[in-house]
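Q: I would like a close look at one part of this model, with the details put together in order. Please keep to plain terms.

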Amino acid sequence: MTKGLRKGLTSYGDAGFSLFLRKAFIKAMGYSDDALDRPIVGITNTYSDYNPCHGNAPQLIEAAKRGVMLAGAMPMVFPTISIHESFAHPTSMFLRNLMAMDTEEMIRAQPMDAVIIIGGCDKTLPAQIMAAASVDLPTVVIPVGPMVVGHHKGEVLGACTDCRRLWSAHRAGDIDAAEIEVVNGRLAPSVGTCMVMGTASTMACITETMGLSLPMSATIPAPHAERFRLAEMSGKRAAELAVSGAPRPSELMTATAFRNAQIVMQAIGGSTNGLIHLTAMANRVGIEIDLEAFDGVGREVPVLVDLKPSGDHYMEHFHHAGGLPKLLRELGDLIDLDAPTVAGGTLREVVAGAEEVPGQTVIRTAATAIKPVGAMAVLRGNLAPRGALIKHSAATPRLLSHTGRAVVFESVADMAARIDDPDLDVTADDVLVLRNAGPKGAPGMPEAGYLPIPKKLGRQGVKDMVRISDARMSGTAFGTIVLHITPESADGGPLALVRSGDSIRLDVPARSIELLVDEAELTRRAAELPPIERPDWAQRGYARLFYDSVTQADEGCDFDFMMPPRR
């Protein structure tokens, strides 16, 4: 097999000349023939001044390069686009598939025998893993790691669960403008990803569970020296893979690994976004994530990790309690420990090395679980024929069986304009409905599913309401919120038929979400809907590609032409 600099030569019609020219230009960087004759490990650079989550990427890259060179291979760093949740317009999910395509094509286009992908902020790890799965080159993942916790008035704080909680308190008038500005400077005290069990932490945990990264990679805080030592070890391992050629992502991303990932996602109180990303990753290797099976996992697997928003602690506490290896040990026979890992061996060796931390209460046993069942449930009904999702571990128990009157918002802009109107006809028992916020409707399925409590209700002390939408929600958020209504309203889904004043019944124990309107009336309303037309935002470029090709939430919101046949 062709290796190193001779791999993937540019097409000039003369292979010898192609290699000659490649070496001539790369020698301009000062490389010796010894360096250029080594196996090559490509290392992605996702650093950006717009991406504080990846603020430690330059140091991680240097550590990974050191590891590669210590093992006798040649590191080559290359850039890809960088996505940060709060800096991406209209939403980071709109750009996930672009990052996946960019990363895939750069891996294909440039000579490398193995690749290290470095990511963290919500959409970056799934985008990179989707790319790695499609190329199927030996890959080691280095998550950037979570930030450390902040403090305010003796309380431990973390982005972004406490961002939302304290902002809601500010909206309700409980925290004044001066104090919320002080809080603003304390919520994110270091670089790294959100230190709660949001999407970034969820995806890092899934990545480690699936054996795509080295043990403990999900939980080491971003600024800690241990994170950089892990990057060095990852570099050394990538150099070994560059020589051996295995394992490849297809050998790690098996049906067994995806089931293990679903079990862990339920046990950690993971982000609802994680299911969309896991589905997209699985589709890239031809494996189906069955929603009913995922719901079945949730009925069997308790929430064992006491982390916000389902619990009380933060990622650094999870790390110091033993991290993923300790959690896998507590999950016992639920996890298939014969699944292989990129480190060599199987999860059985990882679990055997798990640290026992006397007195820790962050990683629970089944007997002391945070919740008796998993974090998420799949709902179906006439509002969601292809499914919807609720993170009931972070919901208000009394609202999990609830019937209320719909208060409908036509779009994110409509919601923003009317949610705090003092004349809005709304009570605490109503169901807030947001539509046209799915993959095609918004576009990009924004994290708008966390509809704010109307200000006039917040001032009355209302902390939670049933809220439903075809949007997503940050994994850091909490509340009784039904998400990913599929099909979305902008693609002809029944959410488009809801009118303010209709009754909606949520029954999580029965896994049901129903619009209590008879079929004849729904048929009449459907006939009155205008035809679906290409919106103005989707007339050209990537936006047009996105609109024409994006799949629905139950298929991972990937592009339809990127998915191979299922195994």
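What kind of contact do the side chains of Arg 499 and Glu 528 meet in?

A: In this predicted model, the side chains of Arg 499 and Glu 528 meet in a salt bridge, with 3.2 Å from N to O. The pair links distant parts of the chain, the two residues being 29 residues apart. Arg 499 sits in the loop between strand S12 (481-483) and strand S13 (503-507), while Glu 528 belongs to helix H19 (residues 519-528).

Next comes the exposure of the two partners. Arg 499 has a relative accessible area of 38% and is therefore partly exposed. Glu 528 has a relative accessible area of 48%, so Glu 528 is partly exposed too.

Arg 524, at a relative accessible area of 39%, is partly exposed.

These pairs belong to a wider set of contacts. A network of salt bridges links Arg 499, Asp 502, Glu 521, Arg 524, Arg 525 and Glu 528. For the whole structure, a search finds 43 salt bridges.

Key. Residues are numbered from 1 along each chain as its sequence is written. This is a predicted model: local features need pLDDT of at least 70, side-chain atom pairs count only at pLDDT 80 or more; totals for chains, interfaces and linings use all residues. Side-chain values use heavy atoms; hydrogens and water are left out. A salt bridge is a side-chain nitrogen of Lys or Arg within 4 Å of a carboxyl oxygen of Asp or Glu. Helices (H or I, at least four residues) and strands (E, at least two) are DSSP runs, numbered from the N terminus. Buried means under 20% relative accessible area, exposed over 50%, partly exposed in between (1.4 Å probe, protein chains only).
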